[in-house]
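Hi,

Here is the structure I promised to pass on. Have a look at it first, and then read my notes on what turned up.

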Amino acid sequence: MINRKVTYRMYPNKKQADSLSDMFGIHLRVYNAALEERIRMYREENKSLSFSDQCKILTQWRQQHASLVAINAQSLQVTIKRLDLAFQAFYRRLKLGETPGFPRFKSSKRFSGWGYKTHGDGWRLFEGSNEKHGKIRLSGIGMLRLRGKARTPGAPKTCEIIYKAGKWYASVTMEREPNRSMGDKAIAFDWGVEKFLTLHDSKGHTEFIDNPRHLKSALKKLKMLQQSIARKTNKSTNNRKKAVEAFAREHVKITNRRRNFHHQLAARMVKENSLIAAETLSVKSMTVSAGIRKRGLNREILSTAPTQFYHLLKSKAEEAGALWIEIPTRQVKPSQTCHCCGAKMKKSLSERWHDCSCGASCDRDENASKVILNWALNWASGQELVEVGSRRSFATLNQETYTIL
């Protein structure tokens, strides 16, 4: 059994929307009050409060404030737990010598929502026919209509209520059995900005996936929306709030398009292949600031969201039982290595064609994907290849290419 999230769009009526906003504000105040209490205790008594300590304090707050009594107790504990996790991450970074990033007070713009710990305690999901749409009942709110569908049926475990760009969502964690098929090929890909992916499989086929550039195509509209916000200097007016919401909605559209593109491409790759290989990426090092000349490249790198795509592809491969391999980039150097003879030749980013003295000549990204696949097939054991797919179909490329050690 594995856990997967299903996000439903909620459609509250006017009264329910007001109640959701009130509950959002209460959870926000509880989070900030708990953070203030931690800071006060450390300054006055040199004592660090734990999660259990703050749960006891929360019980006292509920006895003193009528507004907290109407809120589900477990959901308030989840809000306290989020603060505790923020402090755990702070102490971990401090111990490792990284920039610690002390937990800070949240404004309504930086607070996503609240959560429920157990199905049936404060919330209950009622799925529609074929697990599509349905309703959700929230304590203190009532029954709300949902729109969305789980790909695989499962048992609801936890729930998060999220407010984003003027819309309400219920993100439900489902416990379910994987139900995803895989193919019988091996494939490797090289990620890039000009071409999102360059794929090469064990049957010798190469495919180029264009970068849809969702952000770049919307830059003109985003600029207009930003200018509209800048012209409205009074932050308390409704016109400025509407302009901010329009700007946020446009970013949500871009995010949804990008995520949908990643989901569909990852699902297709897993359906057609039983071994998937890629190079290890360090997006943080790739997007290190280098002045205004690199700003555009950094934006394009981040707009493709390679980390999100890797995460989705890896999780879908695990569901199907496919073999996922990430090769060590600094050791193998796919872009600098010839897929035929294994010779290393340094190339600048502007060199987009691979030419080698051995006679190999192909696109730079195609060469890299061939090197990745060759390394993955040599690295994986024969037993692993037999377990995930046809050893015979994998072996074809392995016999034709240079073995990289």
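**Helix α8 and its surroundings**

The buried residues of α8 pack against β8, α5 (214-231), α6, α7 (283-286) and α9 (306-320). Those buried residues of helix α8 (residues 295-303) are Asn-298, Glu-300, Ile-301 and Ser-303. Here buried means under 20% relative accessible area, with exposed over 50% and partly exposed in between (1.4 Å probe, protein chains only). Helices (H or I, at least four residues) and strands (E, at least two) are DSSP runs, numbered from the N terminus. After α8 comes Ala-305, which has a positive phi, near 50°.

Some background before the rest: this is a predicted model, in which local features need pLDDT of at least 70 and side-chain atom pairs count only at pLDDT 80 or more, while totals for chains, interfaces and linings use all residues. Residues are numbered from 1 along each chain as its sequence is written, and side-chain values use heavy atoms, with hydrogens and water left out.

**The chain as a whole**

The chain has 13 helices and 14 strands. Its C-alpha trace spans about 80 × 50 × 45 Å along the principal axes. Of its 405 residues, 44% count as buried. Taking contacts (heavy atoms within 4.5 Å) between residues at least 6 apart in sequence, 64% join residues at least 24 apart.

How many residues of strand β9 are buried? In β9 (residues 195-201), 7 of 7 are, so to speak, under cover. Two strands count as paired if DSSP finds at least two bridges between them. On one side, β9 runs antiparallel to strand β8 (residues 185-191), joined by 5 bridges, and a hairpin of 3 residues links β8 to β9. Asp-190 stands opposite Thr-198 in this pair.

β9 also pairs with strand β10 (residues 206-210), again in the antiparallel sense and over 5 bridges. Thr-198 stands opposite Phe-208, and His-200 opposite Thr-206. The hairpin between β9 and β10 has 4 residues between the strands, and Gly-204 in its turn has a positive phi of about 90°.

**Nonpolar cores**

A nonpolar core is a set of buried Ala, Val, Leu, Ile, Met, Phe, Trp, Tyr and Cys residues joined through side-chain atoms within 4.5 Å. The largest has 42 residues, and Met-10, Ile-136, Leu-138 and Ile-161 touch the most other members. Helix α1 (residues 14-45) gives the largest share of this core, 11 residues. Another core lies apart from it, with 24 residues, including Ile-187, Phe-189, Ala-317 and Ala-322.

Which residues does Ile-136 touch, not counting residues up to four places away in sequence? They are Met-10, Trp-123, Arg-124, Gly-142, Met-143, Leu-144, Leu-146, Cys-159 and Ala-170.

**Pockets and a cavity**

Rolling a probe the size of a water molecule over the atoms shows where empty space is left. On a 1 Å grid over the protein atoms alone, a cavity is a set of points where a 1.4 Å probe fits but cannot get out; a pocket is an open set with protein on both sides within 12 Å along at least five of seven lines, and lining residues have an atom within 4 Å of a point. Grid points are joined across faces, edges and corners, and a volume is the space filled by probe spheres set on the points.

The largest pocket has a volume of about 1,600 Å³. It is lined by 37 residues, of which Lys-5, Val-6, Thr-7, Arg-259 and His-263 are the closest to its centre. α6 supplies the largest share of that lining, 10 residues. By class there are 10 nonpolar, 10 polar and 17 charged residues (Ala, Val, Leu, Ile, Met, Phe, Trp, Tyr, Cys and Pro count as nonpolar, Asp, Glu, Lys and Arg as charged, and the others, Gly among them, as polar).

The second largest pocket has a volume of about 980 Å³. Glu-279, Met-286, Ser-335, Leu-349 and Arg-364 are the closest to its centre among 28 lining residues.

Best wishes
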